[in-house]
Each structure stands twice: as structure tokens, then as C-alpha cells.
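Please look over the model shown here. A short report on its architecture follows.

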Amino acid sequence: MAADWVAPLAARLAAGEDVVLVTVAAVQGSAPRDAGTTMLVGASDTELTIGGGHLEWQATAHADRLLAGGGRPQVVRYALGARLGQCCGGVVWLAYERISANEAAVWAQHSAALAGGARLQRRLAAGDTASTWQTGAAACATALLGGPEDWHFVQDIAGSAFPVWVFGAGHVARALIRQLLPLGATVTWIDTRDQAFADVDTSGVDTRLTDLPESEVAQAPAGTFFVVMTHSHTLDFALCEAIFRRRDFAYFGLIGSHSKRASFERRLRDRGLAPDRLREMTCPIGIPGIVGKEPSAIALAVAAELLSLHHARQLLHQAGRPRLSTIPVRPDLPE
């Protein structure tokens, strides 16, 4: 499961704040979020979400009580029906655990390890005073097993591996960056112009100014989503050639029309690119049905395309993970 909550947790602990982790331990039927989704509840606010609505309101109230009075970690069952004011119809089990600011140094290490590509695995059982957290553990499914008195929760945590490299800093690129960051993408943004990022908030983005953007392509990790939208067709083509020298990218999108694609295809074939590889290039870019030419509309279509492909890759990866049990027995604890 994604580790989007780990860095914010480490930051809050470093600031001296105790935090309650509220984690979706298991779901049955229709539910707002999947198992492993985690929300942070602090003394004055919450961060991230387990799905909103009355479920989240009750979860926040329960976490506030743990912040005020302490207590062991626990799992609580919620039926998403009329009694809870929600009509999903499913069942959600939430795990609650208070993390003390005294653990800030440990969580700084966990956050750094995840940023470096490691995995983090959580194990928590009924009666434990705290979870155990292990980095470098083998991947497994997040699962809640056992009964009301002997439940056992395992949470698998890893970075989302959603690297997006955007070439060009024009209006569409700027709108696209704003779309990508809240979706968990790790964004590298590259341009040739000295003032390309001068008036842009680049917090959380790796920005690079270089006279040879095509030389940066080789530095991207395997599985990168490449998006080319520079101010120059000549530079766009140089980037195409550099990207096609790789065979390990997740996506290569080139902004432009069908006529631009045809022109680039002809030139790439003349340069010796195998014709069957041309289908690896997406041009025009963006999901069908969004026809607006405004930068924000184009960015929305492209972000949706990237996210759908990223989710498809995640599902394929998760399908190969070993399971803890083929028939999980979920604890039926009182609400």
C-alpha cells in the first residue's frame, strides 16, 4: 500500500506532536477506501482521509479520545449503513494506534528508508502495546486475520513508484504539475530556459535547468512516465530519440496533433527505429472525451491517463503478491 502518510507523520512527530494512526485494516463489500489507507489525527487537525462522511467523523472522534486518554492499539468494526449515516452497505474495520512524538527519530529513519525504495511492514496483534515495524520485509498482502480476541493485522507499505518526468515548462506543463502532485507522483521537471521556473511554486518537485534535456533521459529510473511538451519541435524530436533508446519506461507521451505524430514517425523510421516500436509513443496525449484546448483541460486529460496506467501497473503488481491466508476471518468487534 502507498506510503503517502509516512513523511507527514514523521514531520508531525518531529514538531513534537503526538498522532493517532487511523488505518483501514479490512473492508467487506462496498467501502470508501481500500485496506491499508491511513489517516493522521493530531490534536488540532487531521491529514489525509479514509473516505470522509460520518465514518471519518466517528474515526476522528475516537482518535481524539485516544490522544486525550491513551490506551492500547485497537480494531473497531463499522457497518456502513443507515445507523452510521452512510449508504455504502459494506463493513470497514479501522485500526487505531497512538504514536508518540518521542518516536520522531525512528520515524525519520522509516521515512528515509521508504524514500530510498525500501518497504515497511507493520504487524499488530490483539493485546499488543504497539505495532512492530520492519524495513526490508518481503512484500505481502495487507490483511486482518483472526477473531475478536485473537486478531492479527499486517500492513504492507511501499512507495507508489510513480515517477513522472515532464520536459517543458509552458502553460500546459505548469497545469499538469499541479494535477500530478496531489496524486502521489514523484515529479522531475526539466527545461532549457533560465527563467522557466522563476515564478512557479516548485515545492516537492525536482526542477532541472539544462542546455541538453535529452541527456537527462538516461538518468530516469526504470518505470518512468515521460511527458514531452517543450517549446520546440526540434527539442521534442531529440527527446523522442533519447527516450526510444530506453526500453524500460512505463509511458511516453508527446504533446501534439495527429499530423505531428505522422511527421515524427516518418523521421524516426528514417533514423532506424523499428516500426513496431512506434506504438510505444502516445500522441496525441490524454484520455478521450476531454476536447477542451485550455491548458487546464489538457492537463486534466493527461493526468487522468497517467493515473489510470499507474493504477493498472499497481494492480498487476499486487496480483502477484503472496497472500497470508486464502480465507481471512475478520474480527467482529463492537462498534
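## Strands 2 and 3

L40 sits opposite E47 of strand 3. Strand 2 (residues 38-41) and strand 3 run antiparallel and are joined by 2 bridges. Strands here are DSSP runs of E with at least two residues, helices are runs of H or I with at least four residues, and both are numbered from the N terminus. Two strands count as paired if DSSP finds at least two bridges between them.

This is a predicted model: local features need pLDDT of at least 70, side-chain atom pairs count only at pLDDT 80 or more, and totals for chains, interfaces and linings use all residues. Residues are numbered from 1 along each chain as its sequence is written, and side-chain values use heavy atoms, with hydrogens and water left out.

Strand 1 pairs on two sides. Toward strand 2 it makes 4 bridges, and the two run antiparallel. L21 has L40 in strand 2 as its bridge partner. Strand 1 and strand 5, also antiparallel, are joined by 9 bridges. There, A26 stands opposite W93 of strand 5.

How much of strand 1 is buried? Of its 10 residues, 8 are buried, so the rest of the structure largely encloses this strand. Buried means under 20% relative accessible area, exposed means over 50%, and partly exposed lies in between (1.4 Å probe, protein chains only).

## Helices across the antiparallel sheet

Axes are lines fitted to C-alpha atoms, for helices over the stretch in contact; angles run from 0 to 180 degrees between N-to-C directions.

## A hairpin

Strand 6 (residues 120-125) pairs with strand 7 (residues 132-135) in the antiparallel sense, over 4 bridges. Q121 has Q134 as its bridge partner in strand 7. The two strands form a hairpin with 6 residues between them. In the turn, G127 has a positive phi of about 90°.

Another open sheet has 6 strands, in the order 12-11-10-13-14-15, with parallel pairing. Strand 12 (206-209) and strand 15 stand at its edges, each with a single partner strand, so one side of each has no neighbour in the sheet. Strand 10 (residues 163-167) and strand 11 (residues 186-191) run parallel and share 5 bridges. V164 stands opposite V187 of strand 11.

V227 lies in strand 13 (residues 225-228). V227 counts as buried, because its relative accessibility is 0%. Beyond neighbours within four places in sequence, its contacts (heavy atoms within 4.5 Å) include V164, W165, Y251, I285 and L306. V217 is 10 residues away from V227 along the chain, and their C-alpha atoms are separated by 11 Å.

Helix 5 lies across strand 10, strand 13, strand 14 (251-254) and strand 15. Helix 5 runs at about 165° to strand 14.

Leaving aside neighbours within four places in sequence, D236 contacts V228, M229, T230, L254, K260 and F264.

## A nonpolar surface patch

I287, I290 and L300 form a nonpolar patch on the surface, with about 210 Å² of accessible area together. Patches take residues with over 30% relative accessible area and no salt bridge; like charges are joined within 9 Å, and nonpolar side chains (Val, Leu, Ile, Met, Phe, Trp, Tyr) within 5 Å. A salt bridge is a side-chain nitrogen of Lys or Arg within 4 Å of a carboxyl oxygen of Asp or Glu. Accessible areas come from the Shrake-Rupley method with a 1.4 Å probe; for residues, only the protein chains shown count as cover.

I290 is in the loop between strand 15 (281-282) and helix 7 (295-319). I290 is partly exposed, at 34% relative accessible area.

## The whole chain

The chain has 7 helices and 15 strands. Of its 335 residues, 46% are buried. The C-alpha atoms fill a box of roughly 70 × 40 × 35 Å along the principal axes. The chain exposes about 16,000 Å², and carbon and sulfur atoms supply 52% of that area.
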